[in-house]
Amino acid sequence: RGYIETLLGLPWDKASRDNQDLARAREILEEDHYGLSKVKERILEFLAVRTLTKKGESPILCLAGPPGTGKTSIARSVARALNKKYVRICLGGVRDEAEIRGHRRTYIGAMPGRIAAGLHQAKVKNPLMLLDEIDKVSADYKGDTSSALLEVLDSEQNNKFADHYVELPIDLSEVLFIATANDIQNIPRPLLDRMEVIEISSYTENEKFHIAKEHLVPKQKKANGLKEAQLVIEDEALMEVISGYTREAGVRSLERQIGRICRKSARKILEEQVKEVVVTKENLEEFLGKERYEFQPANEKPEIGIVRGLAWTAVDTLQIEVNVMPGKGEFLLTGQLGDVMKESAQAGISFIRSVAEQYKIPKEFFEKHDIHIHIPEGAVPKDGPSAGITMATAMVSAITKVPVKADVAMTGEITLRGRVLPIGGLKEKLLAAKKAGIHMVLVPEKNEPDVRELDAEITDGLQIEFVGSMEQVLKLAL
């Protein structure tokens with residue numbers, strides 16, 4: 001009886017009508033989310049194609065990005081914009097493939113898989129199905145769950161999806177699948193190949209400010225029972241919360257801090273019988289305590305052996321320090337560095353030794369001196385090749401006693417011959433440089449297309465120099 005009820009409950013031919021009004025869809029997307037232009041564009045393209053062809057293939061999108069950047073909530077607003085039913089399937093920690101494909105009916109307590117159950121719940125054959133946390137699917141001895149997802153997410157095969165319980169082919173070709181993931185590295189290649197990845201990177205301070213003002217503050221006021229007029233948070237105070245109390249790619253901890261302000265205000269309104277609470281930059285400390293984070297501004301004056309590197313956090317830059325002392329030619333690295341970073345430093349020193357004559361470094365210098373590289377904040381693990389040119393510049397500066405310009409920061413991988421190779425995470429790195437008040441940023445030549453894609457908001461006020469070799473880097477930095 002359970003089987004028959006499942007069969008009758010599945011939407012074999014029921015479909016909801018999609019919204020065909022592009023302008024209305026755009027309005028809804030803009031209303032629910034600030035920024036995220038690539039995602040919105042892709043959804044509107046899908047809608048336009050759908051409207052022209054009457055039945056296009058539904059794309060399978062994968063939104064990838066750090067936690068708290070709004071991946072799950074954008075899926076909900078896409079469903080609202082397209083007028084589709086919304087089904088969320090959380091795949092975090094699912095490790096039995098029967099969860100996807102269903103159990104065979106010969107077993108006691110057999111039931112359909114989550115995909116068939118999702119269709120049953122939506123009651124239409126063209127819902128928007130959100131596969132949340134697709135990178136957290138795990139495998140065990142019973143089988144590999146991510147391989148079971150291959151058929152679901154392949155537009156060539158999923159019109160006859162075989163669920164072991166239902167035993168009739170189910171048509172998934174009209175379902176709009178949106179997957180979310182924090183780290184694409186953890187998704188098996190064949191599965192990743194079937195999805196169209198849209199990167200959602202971290203937000204700029206300006207974007208965070210708009211998100212807080214338009215979405216988070218009203219939401220938290222409502223959640224904490226405050227009327228619109230009872231609490232006023234001034235713009236300057238909001239900017240201070242963003243820069244001094246949170247340090248993240250998304251906006252989750254920003255929302256928590258706004259929640260704290262709302263709770264303290266609610267208590268004030270009841271205890272002290274005040275009509276309205278005004279939060280300014282001056283009295284913010286009463287609500288949130290002392291500032292949590294300070295960022296290092298650019299150095300005041302040029303120094304020898306200290307260079308600014310850019311790390312893959314949208315908030316901080318790395319100081320790289322090099323000291324040269326009399327010794328036996330040892331080479332020390334400290335600051336909790338990963339293997340890749342250590343190798344970058346080795347490549348840098350080999351390059352410098354090969355061009356020692358050019359920079360008037362005496363032949364026996366390396367035998368009679370020790371070189372020590374340290375990257376402060378020793379408790380924070382650091383890795384990756386993108387500090388290569390920074391470490392090399394700091395070493396040349398320390399060896400030749402030529403100071404490095406104070407307002408220069410740089411990023412790029414170095415090779416043995418002194419070529420500069422491209423790196424990732426450029427948006428975050430430039431944001432960090434801007435925040436530290438740096439004027440000139442040296443970026444690998446091959447990253448020029450990435451810089452072109454960035455909004456003017458990020459690159460304004462920064463002089464971005466493209467470099468292809470260490471010679472250029474040293475000319476600009478020393």
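Select Lys-401 first: apart from its neighbours within four places in sequence, Lys-401 is in contact with Ile-304 and Val-396, contact meaning heavy atoms within 4.5 Å. This is a predicted model, in which local features need pLDDT of at least 70 and side-chain atom pairs count only at pLDDT 80 or more, while totals for chains, interfaces and linings use all residues. Residues are numbered from 1 along each chain as its sequence is written, and side-chain values use heavy atoms, with hydrogens and water left out.

Staying with Lys-401, show the loop between α15 (388-400) and β16 (408-410), where this residue is found; helices (H or I, at least four residues) and strands (E, at least two) are DSSP runs, numbered from the N terminus. The side chain of Lys-401 reaches the backbone oxygen of Ala-398 at 3.3 Å. Lys-401 counts as exposed because its relative accessibility is 54%, exposed being over 50% (1.4 Å probe, protein chains only).

Now select the open sheet, in which 5 strands run in the order β2-β3-β8-β1-β9 with parallel pairing; two strands pair if DSSP finds at least two bridges between them. Its edge strands, each pairing on one side only, are β2 (86-90) and β9 (196-199). Finally, display helix α4 (residues 71-82), which packs on the sheet, touches β1 (60-64), β2, β3 and β8 (176-181), and has a direction at about 165 degrees to that of β8; axes are lines fitted to C-alpha atoms, for helices over the stretch in contact, and angles run from 0 to 180 degrees between N-to-C directions.

Methods
Buried < 20%, exposed > 50% of the residue type's maximum accessible area, 1.4 Å probe, protein only. Polar contact = N/O pair within 3.5 Å; in protein donor to acceptor, adjacent residues only side chain to side chain.
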